[in-house]
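The report below walks through one protein model, moving from a single helix to selected side chains and then to a pocket. Please keep the sequence and the structure in view while reading.

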Amino acid sequence: MTVANPEIKNQTSLCVKFETKLQSAVEGLNPYFHKILLGLSKQNSTYIIDYVINDLKRENNASINYIRMNIYAIVDLAKYCKREDIGKVARGDVLSYLDSLKKAETQDPMHKWIGTHSLHRIIIIKFFKWLYYSEIEPKKRPKPNVVENIPKYKRKETSIYKPSDLWSTEDDLLFLKYCPSKRDRCYHTISRDLSCRPHEILNLQIKDECSRVQLMQNSMLNVWSMGKLALDISR
């Protein structure tokens with residue numbers, strides 16, 4: 001009878017546990033995120049996995065889209081710094097990474113890079129606050145020195161979009177006339193009507209729209225009733 005080596009058995013158990021946590025962290029995400037986390041050192045991937053599970057999911061009930069942005073930004077930082085332990089990076093490393101997101105005026109005349117810089121700055125600060133002070137209540141976590149006084153840039157333009165970037169009514173009608181997909185026509189019409197973000201529209205259900213229609217009908221009824229009442233009083 002062969003007795004299994006306790007050390008090998010323990011390593012196997014740890015690998016299974018790691019993979020289980022990894023699957024939990026990237027649940028609902030593109031397989032790409034599973035791949036990039038495995039591409040990091042075991043220590044760094046463990047940090048990110050624990051952060052996603054314990055902070056983003058458990059404490060904040062973050063959306064899939066927000067989790068995706070967090071993983072991407074922190075992985076990008078880890079790759080840039082080339083440290084086996086991201087917990088040991090210095091403030092200079094973080095500043096250097098954020099500086100790498102900047103683009104020259106000729107490359108990005110609308111300064112879109114500032115939006116990316118601001119988003120990554122927020123994500124990185126929040127991550128390190130958790131990494132250093134995970135035992136403290138989220139809202140009371142102080143900034144560690146590694147992310148202290150990180151510059152914040154303000155976009156010069158009010159909007160990165162020009163009026164000419166938006167579709168006109170004629171463009172909408174042309175699209176609705178020739179688009180063969182009922183689903184796409186429905187999505188486009190709702191997006192123009194509600195002005196919501198794509199993920200907000202995609203999360204809508206039929207009952208949500210029915211409630212909205214009912215609300216509109218009730219509002220119209222109230223307006224009609226008030227108008228009739230005012231007319232009766234005037235008489």
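## A helix with a kink

In this predicted model, helix α3 carries a kink of about 30°, and that kink is centred on Val 52. The helix runs over residues 42-59, which gives it 18 residues, and the distance from its first C-alpha to its last is 24 Å, close to the 26 Å expected at 1.5 Å a residue.

Just after α3, Asn 61 takes a positive phi of about 50°.

## The protein as a whole

Buried residues account for 29% of the 235 residues in the protein. When contacts between residues at least 6 apart in sequence are considered, 58% of them join residues at least 24 apart.

Most residues other than glycine have a negative phi. Against that background, Asn 61 has a positive phi of about 50° although it is not a glycine, and Asn 149 has a positive phi of about 55°, again without being a glycine. Asn 61 lies in the loop between α3 and α4, while Asn 149 is found in the loop between α6 and α7, the latter covering residues 169-178. Are these asparagines buried or exposed? Asn 61 counts as exposed because its relative accessible area is 69%, and Asn 149 counts as exposed because its relative accessible area is 58%; the cut-off for that label is over 50%.

Tyr 80 lies in helix α4, which spans residues 64-81. With a relative accessible area of 36%, Tyr 80 is partly exposed. Its side chain is joined to that of Ser 96 by a polar contact of 2.6 Å. Not counting residues up to four places away in sequence, Tyr 80 touches Asp 93, Ser 96, Tyr 97 and Ser 100. The C-alpha atoms of Tyr 80 and Val 94 are separated by 9.3 Å, with the two residues 14 apart along the chain.

Arg 83 lies in the loop between α4 and α5, and it counts as partly exposed at 33% relative accessibility. Leaving aside neighbours within four places in sequence, Arg 83 is in contact with Asn 44, Ala 78, Lys 88, Val 89 and Asp 93. The C-alpha atoms of Arg 83 and Gln 43, which are 40 residues apart along the chain, are separated by 9.9 Å.

His 111 is found in the loop between α5 (91-99) and α6 (113-133), whereas His 117 lies in helix α6. The side chain of His 111 makes a polar contact of 3.1 Å with the side chain of Glu 105. The table sets out the accessibility and the contacts of each histidine, leaving aside neighbours within four places in sequence.

| Residue | Relative accessible area | Residues in contact |
|---|---|---|
| His 111 | 7% (buried) | Glu 105, Arg 155, Lys 156, Glu 157 |
| His 117 | 2% (buried) | Leu 98, Leu 101, Pro 151, Tyr 153 |

Both labels follow from the cut-off, because buried means under 20% relative accessible area: His 111 stands at 7% and His 117 at 2%.

## The largest pocket

The largest pocket has a volume of about 290 Å³. Which residues line the largest pocket? The lining is made of Tyr 161, Asp 165, Leu 166, Trp 167, Asp 172, Tyr 187, His 188, Ser 191 and Arg 192. Helix α8, covering residues 182-194, gives the most to this lining, with four residues.

How values were computed. Residues numbered from 1 in each chain as written. Predicted model: local features only at pLDDT ≥ 70, side-chain atom pairs only at ≥ 80, totals over all residues. Heavy atoms only, no water. Helix = DSSP H or I, 4+ residues; strand = E, 2+ residues; numbered from the N terminus. Expected span 1.5 Å × (residues − 1). Bend = angle between axes of the 7 residues up to and from the residue. Buried < 20%, exposed > 50% of the residue type's maximum accessible area, 1.4 Å probe, protein only. Contact = heavy atoms within 4.5 Å. Polar contact = N/O pair within 3.5 Å; in protein donor to acceptor, adjacent residues only side chain to side chain. 1 Å grid on protein atoms, 1.4 Å probe; cavity = no way out; pocket = protein on both sides within 12 Å on 5 of 7 lines; lining within 4 Å. Points joined across faces, edges and corners; volume = space filled by probe spheres on them.
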